[in-house]
Amino acid sequence: MLAIPALDLRDGHVVQLIGGDYAHESIRLERPRDVAREWSHYGFHRLHVVDLDAATARGSNREVVRDLLADKICPMQVGGGVRKDDDIRSLVDDGADWVIVGTRALEEPAWLEETAATFPGRLIVAADVRERNVVTRGWSRQLRRTILDVIDDMRGLALGGLLVTAVHREGLLQGTDLPLMEDVAEASAWPVHASGGIATMADLRALDERGIAGVVIGMALYTGTLDPRIVAEEFAQ
């Protein structure tokens, strides 16, 4: 299993939100490129970059993203507000190894099917889940489908992976939603990345045992709850 540090971008800074709530920001760091380089220095081999402002139509950190990709620190999966083919093509051209698509992919299955065929293996569908229900548009809209419904609807698509974030656990450092992640891993035909609530090495090992391919880690690394050296050493691939 691969551990993947998260770089969530807001107003040109790297941030961490508690419970996915924009009113509760607990971490704010300047110089995203330096943050990315630090994670690479610890031994992590992949980074998860999301433009939170673009995802919620509050603005854009596109230049920051372009700067990170130009640095070629390590492979990156990049998303946040990606809703057009041109957005995907632009990120791929700038050096993104995978592009994360969320809201439009989940709300418009026909678009996802066409786009996955255009960019085979390059798209990671990000499903934000609150108590098994899928939420979109920066956690402000709840769909009438569970995460397992979504997985069933996407069968046969040439995706690069599925990222499931338990937003009800996000930033709380109270442990991940293991029953949710276990069911997702069993149902998914693609590599599954888990996110939300990871706080201990036991959490990581439990996810590994359940067939999760990667874990996106934010708050626990930024607060030092998890030692990045130990995490990178055990979960570097």
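The questions below concern this predicted model.

Q: At what angle do helix α1 and helix α3 pack?
A: Helix α1 covers residues 32-42, and helix α3 covers residues 62-71. Their axes lie 10 Å apart. The angle between α1 and α3 is about 40 degrees.

Q: Is the crossing of α1 and α3 left-handed or right-handed?
A: From α1, the contact takes Pro32, Arg33, Ala36 and Arg37. From α3 come Val64, Asp67, Leu68 and Asp71. The crossing of these two helices is right-handed.

Q: How many residues of the contact of α1 with α3 are charged?
A: The contact residues include Arg33 and Arg37 of α1, and Asp67 and Asp71 of α3. Arg and Asp count as charged. Four of the contact residues are nonpolar and none is polar. The number that are charged is four.

Q: Which element gives the largest share of the lining of the largest pocket?
A: The largest pocket has a volume of about 150 Å³. Its lining has 13 residues, and among the closest to its centre are Asp51 and Arg62. Two or more lining residues come from each of α3, β5 (76-79) and α4 (85-94). The largest share, three residues, comes from α4.

Q: Is Ala57 buried or exposed?
A: Ala57 sits in the loop between α2 (52-55) and α3. Its phi is near 60 degrees, a positive value in a residue other than glycine. The relative accessible area of Ala57 is 71%. The cut-off for exposed is over 50%, so Ala57 is exposed.

Notes. Residues numbered from 1 in each chain as written. Predicted model: local features only at pLDDT ≥ 70, side-chain atom pairs only at ≥ 80, totals over all residues. Heavy atoms only, no water. Axes fitted to C-alpha atoms, helices over the stretch in contact; angles between N-to-C directions. Helix = DSSP H or I, 4+ residues; strand = E, 2+ residues; numbered from the N terminus. Left-handed = near helix turned anticlockwise from the far one by under 90°. Contact = heavy atoms within 4.5 Å. 1 Å grid on protein atoms, 1.4 Å probe; cavity = no way out; pocket = protein on both sides within 12 Å on 5 of 7 lines; lining within 4 Å. Points joined across faces, edges and corners; volume = space filled by probe spheres on them. Buried < 20%, exposed > 50% of the residue type's maximum accessible area, 1.4 Å probe, protein only.
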